[in-house]
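Q: Please go through the labels used for the model shown below, and set each one against its definition.

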Amino acid sequence: MAHTVQHLNGGRHLARKFVLGRSLRTSSKRKTTQLKQLLTSPELTFLMEAHSGLSARIVQEAGFAGIWGSGLSISAQLGIRDSNEASWTQILEVAEFMADATDIPVLLDADTGYGNFNNARRLVHKLEDRGIAGCCIEDKCFPKTNSLLDGRQQPLADTEEFALKIKACKDHQQDPDFCVVARTEAFIAGWGLQEALTRAEAYRNAGADAVLIHSKKSDPSDIEAFMSQWGNKCPVVIVPTKYYLTPTERFKELGISTVIWANHNLRASIIAMQNVCGQIMAQQSLANIESKVASVTEIFRLQQDHELKAAENCYLPKK
C-alpha cells in the first residue's frame, strides 16, 4: 500500500510538471494575453512561421515569442494550393497541434474567415476552444488567391461588409484578449494609399486589435506611405517577404508593431528535403547523408519522449 501511495503521489507530481507531453507554460499569462501584449508593445516584435506541431516547437526553442500559423505553409505541407482547398476544419486541426506543442501564442492566418460573418465568428469560437491566441482575416473574396502570385486578379471584399465581419468576430469572442488582426490587401490588389487608409480605418473602428498592411513591392514604399498617414491609430503588422532587404531598423523607425517572417521554415525544409532526396537517389546510400541530418534522438527529444517515459513510470503498474 505504501508503495502504491508513493507511486500515486509521484504521478501527481509528474502531472504538475507535464501535461500530455507539454511543459507547463513558462508564463502564467494566457496565450491570448501574450499575443495582445506583443501587438501593443512599444518595442518591435516578431512572429515566426510554423506549419506543424514540430515546426512550432522549433520556433519556440529558437526564442521567438509568438508563432505565425501561415496559410500558405499549412496548405503547402498538405500538398495543396493556398486557395482554400483545405477546409477550415483541416486548418484548425493543424493549428491545434501547433498550440498543443508550444507555450507561446499562435496567430493563425485565417484567410477570409472561410466565408461570411457567420463562418468567421464561428471560427473564432473554435479557435478559442483550441487555445489559438488570435486570427488574421484578410479583405479578399472567398476562395482567396495568394497575395504573391503574379498575374492573378485579387478581388477585394466590400469594405463595409468586411468591417462588419471583423465586428462579428470581436462581438462573439469569449476571451477579451483574443486578437483579431484585420489584413487589407489594397496594395496587393493594385489600389492606392487612400484605399488602404480607408479600409484600415474602417476595420479599426470595427474593433480590430491590429491592421496588417501587405505589399509585394521589393521596397517598403507602400508601408512607408501608409505609416506616414496612419498616425499610430492602432498597431500595424507587416510581412516583408518581398522587401526583405529593408533593414529591420527601418521598421522600428516607421513605428511598426509586429513583423511576420511568413514562410521561411517551409521554404528551408523544401530545399533540405530536395537535396537529401536527390543525393540518396544518386548515390543509393546513406553514408554521406547521415552527418547532415538531424539524429533520430533529436526527433525523440522534440517529441518530448522523455515525458512519456516518466509518465510510464508513474502510470503503468510495476512488475
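A: Among contacts in the protein chain between residues at least 6 apart in sequence, 74% join residues at least 24 apart; contact means heavy atoms within 4.5 Å. This is a predicted model, in which local features need pLDDT of at least 70 and side-chain atom pairs count only at pLDDT 80 or more, while totals for chains, interfaces and linings use all residues. Residues are numbered from 1 along each chain as its sequence is written, and side-chain values use heavy atoms, with hydrogens and water left out.

Q: What makes the radius of gyration of the protein chain agree with that of a compact globule?
A: The radius is taken over C-alpha atoms, and the globule rule is 2.2 Å times the number of residues to the power 0.38. For 319 residues the rule gives a value near 20 Å, and the protein chain has 22 Å, so the two agree. The C-alpha trace spans about 75 × 55 × 35 Å along its principal axes.

Q: How many helices and strands does the protein chain have, and what counts as one?
A: There are 13 helices and 10 strands. Both are DSSP runs numbered from the N terminus, helices being H or I with at least four residues and strands being E with at least two.

Q: What share of the protein chain counts as buried, and what share of its accessible surface belongs to carbon and sulfur atoms?
A: Of the 319 residues, 46% count as buried, where buried means under 20% relative accessible area, exposed over 50%, and partly exposed in between (1.4 Å probe, protein chains only). The accessible surface comes to about 16,400 Å², with 55% of it belonging to carbon and sulfur atoms. Accessible areas come from the Shrake-Rupley method with a 1.4 Å probe, and for residues only the protein chains shown count as cover.

Q: How far apart are the mean positions of the positive and negative charges?
A: They are 5 Å apart, for 36 positive and 36 negative charges. Lys and Arg count as positive and Asp and Glu as negative, without His and the chain ends; each charge is placed at NZ of Lys, CZ of Arg, CG of Asp or CD of Glu.

Q: Why is strand β3 said to pair with β10 and with β4?
A: Two strands pair if DSSP finds at least two bridges between them. β3 (residues 45-50) and β10 (residues 258-261) have 4 bridges in the parallel sense, so they pair by that rule. Leu-47 stands opposite Ile-260 in β10. β3 and β4 (residues 67-69) have 3 bridges, also parallel, so they pair too, and Glu-49 stands opposite Trp-68 in β4. In β3, 5 of the 6 residues are buried.

Q: How do you know that both faces of β6 are covered?
A: In a regular strand the side chains alternate between the two faces of the sheet. Gly-134, Cys-136 and Glu-138 lie on one side of β6 and Cys-135 and Ile-137 on the other, and all are buried. β6 also pairs with β5 in the parallel sense over 3 bridges, where the partner of Leu-107 is Gly-134.

Q: What sets Asn-84 and Asp-111 apart in their backbone angles?
A: Most residues other than glycine have a negative phi, and most peptide bonds are trans. Phi is near 60 degrees for Asn-84 and near 50 degrees for Asp-111, positive values in residues other than glycine. Asn-84 is found in the loop between α4 (71-77) and α5 (88-100), and Asp-111 in the loop between β5 (106-109) and α6 (117-129). Their relative accessible areas are 15% for Asn-84 and 5% for Asp-111, so both are buried.

Q: Which residues does a cis peptide bond join, and where is the proline?
A: The bond joins Phe-142 and Pro-143, with omega about -5 degrees. Pro-143 is in the loop between β6 (134-138) and α7 (159-172).
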